[in-house]
Amino acid sequence: MTKPLLKVESVHKAYEGGLIPALKDVSLTLNRGETVVLMGPSGCGKSTLLNIIGSLDLPTSGSVDYVDEGISHIRPLSLFRREVIGFIFQAHHLLPVLTLQENVETPLLANSHISKDARETKAAELLEVLGLGAKKASYANRVSGGERQRTAIARALVNDPLLILADEPTGSVDSKTADVILRTLISYTKEFNSTLLIATHDESIARLANRVIRMKDGQITDIEQNKTS
Ligand SMILES: Nc1ncnc2c1ncn2[C@@H]1O[C@H](COP(=O)(O)OP(=O)(O)OP(=O)(O)O)[C@@H](O)[C@H]1O
Ligand SMILES: [Mg+2]
């Protein structure tokens, strides 16, 4: 049975004092354990919607409610974001002066229940899964774009998030690296019964999803349930 994680209801977002309408009356439900792909042309509102779902930005009107009883009580917002959500940003925001290993450990530093050893092991394991075991001591500004992108994936997963918001996670990598990234994200989602929302232009990613949501000019134009999944 599908169990809802969150509901987006009638979300509108306008930037620049209302001059730029980025989202218009967007409603959707995300369920536990599903992979959902958000597709649409540049500027249609994908990143805006991801940021609002991840509570990095506020809607102009409408609401985002986390309805899963296991998490709806977690406050304050900063703790909620840290404990529940893994973000993969369109620009990956790694800290250049830290090594890949240190970047991946960053989200765990605020959690006093995790020992230094556990933190190091967890980060090293994820880097290994993403094919970066040999590079973990390199600085983030001394590795390739695809290596940085894979590091950002490891950093997003290190907290065992219930919701992974991935904005163009394979935007700037070759097809083999894209495959590693998608396999890692999807297997994580299945293993932890979490929810994966990917914004992308890539139709081949849409085939891997349980549902595909298509957007145009700030609105949802279509939601397809994939038969194969
Ligand atoms: N901070 C901002 N201030 C003003 N306008 C913005 C801001 N962020 C986005 N916009 C505008 O809102 C609209 C939606 O942008 P958004 O970044 O959500 O699109 P997108 O679908 O993610 O595009 P892309 O595929 O290029 O990443 C666009 O018209 C964009 O120019
Ligand atoms: Mg975007």
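A residue is buried if 20 or more other C-beta atoms lie within 10 Å of its own, exposed if 12 or fewer, and partly exposed in between, with C-beta atoms placed from the backbone. This is a predicted model, in which local features need pLDDT of at least 70, side-chain atom pairs count only at pLDDT 80 or more, and totals for chains, interfaces and linings use all residues. Residues are numbered from 1 along each chain as its sequence is written, and chains are lettered from A and ligands numbered from 1 in the order in which they are written.

**View 1. Strand β7 is covered on both faces.** Strands (E, at least two residues) and helices (H or I, at least four) are DSSP runs, numbered from the N terminus. Strand β7 covers residues 195-200, and six of its six residues are buried. On one side sit Thr195, Leu197 and Ala199. On the other sit Leu196, Ile198 and Thr200. In a regular strand the side chains alternate between the two faces of the sheet.

View 2. Two strands pair if DSSP finds at least two bridges between them. Strand β3 (residues 35-39) runs parallel to β7 over five bridges. Here leucine 38 stands opposite alanine 199. Strand β6 (residues 163-167) also pairs with β7 in the parallel sense, over five bridges. Aspartate 167 has alanine 199 as its bridge partner in β7.

**View 3. Leucine 38 belongs to the largest nonpolar core.** Such a core is a set of buried Ala, Val, Leu, Ile, Met, Phe, Trp, Tyr and Cys residues joined through C-beta atoms within 7 Å. The largest one has 57 residues. Leu38, Ile153, Ala154, Leu165 and Leu197 have the most contacts inside it. Two residues are in contact if their C-beta atoms, placed from the backbone, lie within 7 Å. Leaving aside neighbours within four places in sequence, leucine 38 touches Lys46, Leu49, Leu197, Ile198, Ala199, Ile213 and Met215.

**View 4. Helix α3 is mostly covered.** Seven of the 10 residues in α3 (residues 100-109) are buried. They are Leu100, Gln101, Asn103, Val104, Glu105, Pro107 and Leu108. These buried residues pack against α2, α4 (116-129) and α5 (145-157).

View 5. A residue is near a molecule if its C-beta atom, placed from the backbone, lies within 6 Å of it. Of the 13 residues around ligand 1, the nearest are Tyr15, Ala22, Ser42, Ser47 and Thr48. Strand β2 (20-31) and helix α1 (46-53) are the elements that give two or more residues to this shell. The largest share, three residues, comes from α1. The shell divides into four nonpolar, seven polar and two charged residues. Ala, Val, Leu, Ile, Met, Phe, Trp, Tyr, Cys and Pro count as nonpolar, Asp, Glu, Lys and Arg as charged, and the others, Gly among them, as polar.

View 6. The peptide bond from arginine 75 to proline 76 is cis, with omega near -5°. Proline 76 lies in the loop between β4 (61-66) and α2 (77-84). Serine 10, in strand β1 (residues 4-15), has phi near 45°. Serine 10 is exposed, with 12 other C-beta atoms within 10 Å. Serine 55, in the loop between α1 and β4, has phi near 55°. Serine 55 is partly exposed, with 15 other C-beta atoms within 10 Å.
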